[in-house]
Amino acid sequence: MKSTISFAASLTVFAFFLHACGNKNNTNQAGPQEKIVPVTTSVVGSEIVTAIRNFPATVVALNETELRAEVSGYITNIYVSDGATVSKGQRLYEIDRTRYVAEVDQAKANLNIAESNYERVKKDVERYKTLQAKDAIAKQTVDYAETDLNNQQAQVQGARAALSTATTNLNRSVITAPFAGTVGISMVRNGALVSAGTTLLNTISSTNPIAVEFQINEKEIDRIVDLQKNKATNAIKVTLPNGTSYDEPGFISTMDRAVDRNTGTLKVRATFNNNQQKLRVGMNLLLNISTLSDAEELIVPYKAVVEQLGVYNVFTISDSSTAVFKEVKLGSKFEDKVVITSGLNAGDVVIVDGANSIVEGGKVSTKKN
């Protein structure tokens, strides 16, 4: 009886073993199914490209100067408010004129006295010369009179110079705008004591037109020179700090005389109309220069590009619908596209969406963008 049970149990174990082995063999024969990733693609095209080059830039005034007192005294009048727009010759500040008016009056009186003395001595000389012709007066008397006449003439010249100085000081007691522009916040108030040549009153800068300065590499000088010669305005624009585009185009107006030997860069100035006063001196922004390419260039959507440690790559699709990783060199970026200078050919198919889910050699199913 024990022998019969043992034999039956052995048959059961053997059958289970055969079934397990059969299942294992069936699994190996089927193999894992290969994953196919759906992707969006685009064909590499070619066209004449409007390339946009961006330069960090700063707004500067075409004219800017500090306003300082040229005579000493107390501020008695401030004619403009802080930040006001002023015209050339407009009154800005007045320094106490009492002393300077008195100096002018004194200088005028001294000039009158000097001119009267000169006329008196002049008549004496004419009279002495008439008597000398008749031998009625000593020659020495005539010589002395002529010397007095020269001295009085010098006195007149000195008095006139003193009057000119006094008048100049009186005029300088009123500070006017040297050119049209905008003044800043005043550094002094009514009643402040100012010293000639040292006290800063305010700063004035021109605002319309206004300039934007930027640095270019020495390799780009020829292109900027061409823009300057052609007075290309639509090619020169700026992007404001808030990311919006400035309405008015500009033109290249000035290039510095020399390249900085330490950096290999050259300072360039573009000029813009500033009717709305949107450009403020000292503002940091981007200057954009757009140029047309000389020939058709290869372009792809920018989001097709994969960057890894400063190296740019794209996924292309082979004839067998597998992903191929290719290194590329980038040119100018414009809108949502970028120029490819090497690594691809016209007609190549690149993966635009779905690149994050595939690997080199992976199978893909395509859909054109």
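The structure is a predicted model, in which local features need pLDDT of at least 70 and side-chain atom pairs count only at pLDDT 80 or more, while totals for chains, interfaces and linings use all residues. Residues are numbered from 1 along each chain as its sequence is written, and side-chain values use heavy atoms, with hydrogens and water left out. Helices (H or I, at least four residues) and strands (E, at least two) are DSSP runs, numbered from the N terminus.

**The sheet**

- Four strands form an open sheet in the order E8-E7-E5-E10, with antiparallel pairing; two strands pair if DSSP finds at least two bridges between them.
- Strand E8 (174-176) and strand E10 (193-194) stand at the edges with a single partner strand each, so one side of each is left without a neighbour in the sheet.
- Strand E7 (residues 91-95) pairs with E8 in the antiparallel sense over three bridges.
- Within this pairing, Tyr-93 has Ile-175 of E8 as its bridge partner, and Arg-91 stands opposite Thr-176 in E8.
- Strand E5 (residues 73-78) runs antiparallel to E7 and is joined to E7 by three bridges.
- The bridge partner of Ile-78 in E7 is Tyr-93.
- Four of the five residues of E7 are buried, and the strand is therefore mostly covered; buried means under 20% relative accessible area, exposed over 50%, and partly exposed in between (1.4 Å probe, protein chains only).
- In a regular strand the side chains alternate between the two faces of the sheet.

**The nonpolar cores**

- A nonpolar core is a set of buried Ala, Val, Leu, Ile, Met, Phe, Trp, Tyr and Cys residues joined through side-chain atoms within 4.5 Å.
- The largest such core has 33 residues, of which Val-86, Leu-92, Ile-95, Val-183, Val-194, Leu-201 and Ile-204 touch the most other members.
- At least two residues of this core come from each of E7, helix H2 (98-133), helix H3 (139-172) and strand E11 (200-205).
- H2 supplies the largest share of this core, eight residues.
- Leaving aside neighbours within four places in sequence, Val-86 is in contact (heavy atoms within 4.5 Å) with Val-80, Leu-92, Ala-177, Phe-179, Ala-180, Gly-181, Val-183 and Ile-204.
- A second, separate core has 25 residues, among them Phe-55, Ile-210, Phe-214 and Leu-287.

- The expected span of a helix is 1.5 Å times one less than its number of residues.
- H3 has 34 residues and reaches 50 Å from its first C-alpha to its last, close to the expected 50 Å.
- The buried residues of H2 include Tyr-100, Val-104, Leu-111, Tyr-118 and Asp-124, and the buried residues of H2 pack against H3.
- In H3, the buried residues include Val-142, Leu-149, Gln-152, Leu-163 and Asn-169.
- The buried residues of H3 pack against H2 and E8.
- Just after H2, Asp-135 takes a positive phi of about 55 degrees.

**Individual residues**

- Asp-124 lies in helix H2 and counts as buried at 18% relative accessibility.
- The side chains of Asp-124 and Arg-127 are joined by a polar contact of 2.4 Å; a polar contact is a pair of N or O atoms within 3.5 Å, and within protein one must be able to donate a hydrogen and the other to accept it, while residues adjacent in sequence count only if both atoms are side-chain atoms.
- Glu-213 is found in strand E12 (residues 210-217) and, at 17% relative accessibility, counts as buried.
- The side chain of Glu-213 makes a polar contact of 2.6 Å with the side chain of Arg-269.
- Not counting residues up to four places away in sequence, Glu-213 touches Pro-56, Ala-57, Thr-58, Val-60, Lys-267, Val-268 and Arg-269.
- Pro-178 lies in the loop between E8 and strand E9 (181-183) and counts as partly exposed at 38% relative accessibility.
- Pro-178 touches Thr-65, Leu-67, Lys-88 and Ile-204, again not counting residues up to four places away in sequence.
- Pro-178 and Ile-204 are 26 residues apart along the chain, and their C-alpha atoms are separated by 8.6 Å.
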